[in-house]
Amino acid sequence: MTVTDERTGAAAPVSTTPLLEVRDLHVEFHTRDGVARAVNGVDYSVNAGETLAVLGESGSGKSVTAQTIMGILDMPPGRITQGEILFHGQDMLTMSAEQRRKIRGRKIAMIFQDALSSLNPVLSVGYQLGEMFRVHQGMSRKQARAKSIELMDRVRIPAAKERIGDYPHQFSGGMRQRIMIAMALALEPELIIADEPTTALDVTVQAQVMDLLAELQREYNMGLILITHDLGVVADVADKIAVMYAGRIVETSPVHDIYARPAHPYTKGLLRSIPRLDQKGQELYAIKGLPPNLTRIPGGCAFHPRCPMAQDVCATDVPLLHPVGAERGSACHFWKETIGD
């Protein structure tokens, strides 16, 4: 099977090996309150041209997993205790620091949640964009400037040539996020990790940023890992979804199946929490309770103290990720009842 590479127009073979594969990843943090088990056996994969949305509340382990993939996890206090992160079949956790640096930025890039704090406030956006080309591709300042203007145009920043010398605070939130996307795209990576890229933006700008990401992904045939807490953001852009809770994957599914028939009570609660026009005037639904303290994760299913379907077995036995259909899995003892509810 082949697809067309839009950059070259040539036919490119489709690899059966995932672009990125995370296997049984465990990450913990040593704190004054004890050991926080932030990631507890995460498994997921993403292919070229595919979008994986990783969802869950704050503290579910989404961002820690992404930081571990990127090699920017603070160690200490963070520590990888188990697992593999395979990029094109090679485990990045066993690579040398120099080998990982060659992958980071060039092959895998990241878009962070808060563009204002991620960009250097005392350097112009043109300088920061151009640095990617000067350092990694040996371009002259003139060449890097021209390439930076081209990128700013590509992510639809108006009057890019005139604004190349502006500083981050002179741009709106949506324009700053476009600059972050431009920086991630600079070296044409094969995989982009977008960590809550629209959280601080209003709804209209969120949609524009997500549409831009989807368009660029199709053009460059990139893999995309989209980290978010909002199921409403990913409906039109994701191919598949992994839902995380307390450091574990609790449900995996193609995107449309999870909206039609969620197979885990936590996923069902997240879906019910999305505001809808037909619920005008009604009280918004919220999952009761709070996510667990990661130094004291409950036994059995970590969600059971908040789960409306919990029974005795949920407090004692950790549910495995059961197959519940084509390309679907649920870590719930009562997934059949959840789907049928």
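**Confidence**

I checked pLDDT before anything else. The protein averages 89, and 94% of the residues score at least 70. Where pLDDT is low, the predicted coordinates should not be read in detail. I left both stretches there and moved on.

**Helix 4**

I looked up helix 4, which runs over residues 125–137 and has 13 residues. From first C-alpha to last I get 18 Å, close to the 18 Å expected at 1.5 Å a residue. Which of its residues are buried? My list reads Val125, Gly126, Gln128, Leu129, Gly130, Met132, Phe133 and Arg134. Next I asked what covers the buried residues of helix 4. The cover includes helix 5 (141–154), helix 6 (160–163) and helix 7 (173–185). I also looked at what follows the helix: Gly138 comes after it, and its phi is positive, near 65°.

**Arg306**

I then went to Arg306, in the loop between helix 11 (265–272) and strand 13 (322–325). Is Arg306 buried or exposed? Its relative accessible area is 6%, which is under the 20% cut-off, so I put it down as buried. I looked for what surrounds this arginine. Leaving aside neighbours within four places in sequence, Arg306 is in contact with Glu57, Tyr245 and the residues Ile287, Lys288, Gly289, Leu290 and Pro291. For Gly289 I have an atom-level entry too: its backbone oxygen lies 3.3 Å from a polar atom of the Arg306 side chain.

**Cysteines**

I searched the whole structure for disulfides and found zero. Cys314 counts as buried, at 7% relative accessibility. Cys332 is in no disulfide either, and I noted the nearest cysteine sulfur, that of Cys307, at 6.1 Å. Cys332 has 8% relative accessibility, so I count this cysteine as buried.

Definitions and conventions
Residues numbered from 1 in each chain as written. Predicted model: local features only at pLDDT ≥ 70, side-chain atom pairs only at ≥ 80, totals over all residues. Heavy atoms only, no water. Helix = DSSP H or I, 4+ residues; strand = E, 2+ residues; numbered from the N terminus. Expected span 1.5 Å × (residues − 1). Buried < 20%, exposed > 50% of the residue type's maximum accessible area, 1.4 Å probe, protein only. Contact = heavy atoms within 4.5 Å. Polar contact = N/O pair within 3.5 Å; in protein donor to acceptor, adjacent residues only side chain to side chain. pLDDT = per-residue confidence, 0-100. Disulfide = S-S within 2.5 Å.
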